[in-house]
Amino acid sequence: MEMPCCPHCQSELVRRSKRRGFVERVCLTLLFLKPFHCGDCKRRFFLWLRVGARLGAIYTRLFTSAESSSQN
Ligand SMILES: [Zn+2]
């Protein structure tokens, strides 16, 4: 499996994270989201690996746009 970069710091030190709790497990499974954990900035994020990197990249943009609102 191809490992993604961290959407926050672009680090490649990402690891698969465990789903926490029943709600997260069910929701992520239904949405085909995989939880990851960044080894550099220690943040968690979710990516769609199942449907390809393109959708994952779109989600990453949406996810990060909330914090870096300087774009557009
Ligand atoms: Zn990071």
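**View 1. Three strands form an open sheet in the order β1-β2-β3, with antiparallel pairing.** Strands here are DSSP runs of E with at least two residues, helices are runs of H or I with at least four residues, and both are numbered from the N terminus. Two strands pair if DSSP finds at least two bridges between them. At the edges sit β1 and β3 (44–48), each pairing on one side only. This is a predicted model: local features need pLDDT of at least 70, side-chain atom pairs count only at pLDDT 80 or more, and totals for chains, interfaces and linings use all residues. Residues are numbered from 1 along each chain as its sequence is written.

**View 2. Here β1 meets β2 (residues 33–38).** The two strands run antiparallel and are joined by three bridges. Look for Arg-15, which stands opposite His-37 in β2.

**View 3. Gln-10 lies in the segment before β1 (14–16).** Is Gln-10 buried or exposed? Gln-10 counts as exposed because it has 10 C-beta neighbours inside 10 Å. The rule is that a residue is buried if 20 or more other C-beta atoms lie within 10 Å of its own, exposed if 12 or fewer, and partly exposed in between, with C-beta atoms placed from the backbone. Gln-10 is 31 residues from Cys-41 in sequence, and their C-alpha atoms are 9.7 Å apart in space.

**View 4. The chain has two helices and three strands.** Of the 72 residues in the chain, 14% are buried.
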